[in-house]
Amino acid sequence: MLKKKNKIFMCTMLLSLFLVPMTLSKNVSAETIKGSSIVSELKSKSDCGDKVRNDKTKGITLFDNFNYFNTNNWSKSNGWTNGGVFNCTWRSTNVNFDKGKMILTLDKDTQGGTTPYAGGEYRSNNFYGYGLYKVNMKPAKNIGTDSSFFTYTGPSDNNPWDEIDIEFLGKDTTKVQFNYYTNGVGGHEYLYNLGFDASKGFHTYAFDWQPNYIAWYVDGKEVHRVTENIPTHPGKIMMNLWPGTGVDSWLGAYNGATPINAYYDWVAYDPV
Ligand SMILES: [Ca+2]
């Protein structure tokens, strides 16, 4: 029993060394070990690598500097529209990487879609649950558009609709909107006055999703917290840029200006 425990501890330590980046906040190492359900499944040191590769949905840290399209972890949405308020078709050509940044582009659709515009969307391949989600980004500044960072799962994943949002309404990028949905119930929109224009430079936005609260952060400072009816289902990490339709009272009427870009420098997830 003791030997088995020692092996598990060794795996835990190795996992921590490889997976916990330098940017983690206080007490994260201990929390990662405690919260990492894959650890209890490990049988020997040699299992560590395979488990990391095969079980990314549980307790795994993610960091991407957006130097290139890492197909192990991410997909570009391509060839469909969400419909509803989204007046664009997602095109993989609208997700690009340059000089260490991911660039999402909104422009006119020239590939025969049913919508007049093409948007960019980047989504994780895996699902992520409770933990700290961070993005360093610079949203688009243009009326009628939305630049976002969020977690999402829903009927397309055979799950209830759970979502946690950071959204920049391009009509006024001196504010950021936070929101969340639990089993399809939303209506928690909260506009935070940043005190700077987010479209003018890169800043770090984050949310800490825990069983009994969600806290949102701007440049490391907590600025909003909710504690009621918190989502429970792990979701995909998503970023997109799109023009609205039929939601002028929210986004403002899109003026059709193209091309428009949103920039993402890096993203991180820690299961703390
Ligand atoms: Ca970068």
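A residue is buried if 20 or more other C-beta atoms lie within 10 Å of its own, exposed if 12 or fewer, and partly exposed in between, with C-beta atoms placed from the backbone. The model is predicted: local features need pLDDT of at least 70, side-chain atom pairs count only at pLDDT 80 or more, and totals for chains, interfaces and linings use all residues. Numbering starts from 1 along each chain as its sequence is written.

**Exercise 1.** Decide whether serine 148 is buried or exposed.

Solution. Start with its place: strand β8, residues 145-153. Strands are DSSP runs (E, at least two residues), numbered from the N terminus. Next, take the count. Serine 148 has 22 other C-beta atoms within 10 Å, so it is buried.

**Exercise 2.** Find what serine 148 and isoleucine 166 touch.

Solution. Contact means C-beta atoms, placed from the backbone, within 7 Å. Skip neighbours within four places in sequence; serine 148 then contacts Asp165, Ile166, Glu167, Met239 and Asn240. Now turn to isoleucine 166. Beyond four places in sequence, its contacts include Ser148, Val176 and Trp216. For serine 148 and valine 176, the C-alpha atoms are 9.7 Å apart.

**Exercise 3.** Trace the strand pairing from β9 to β11.

Solution. Strands pair if DSSP finds at least two bridges between them. Step one: β9 (residues 162-169) and β10 (residues 175-181) pair antiparallel over five bridges. They form a hairpin with five residues between them. Here glutamate 167 stands opposite glutamine 177. Step two: four bridges join β10 to β11 (residues 190-193), again antiparallel. Glutamine 177 has leucine 191 as its bridge partner in β11.

Conventions. Contact = placed C-beta atoms within 7 Å.
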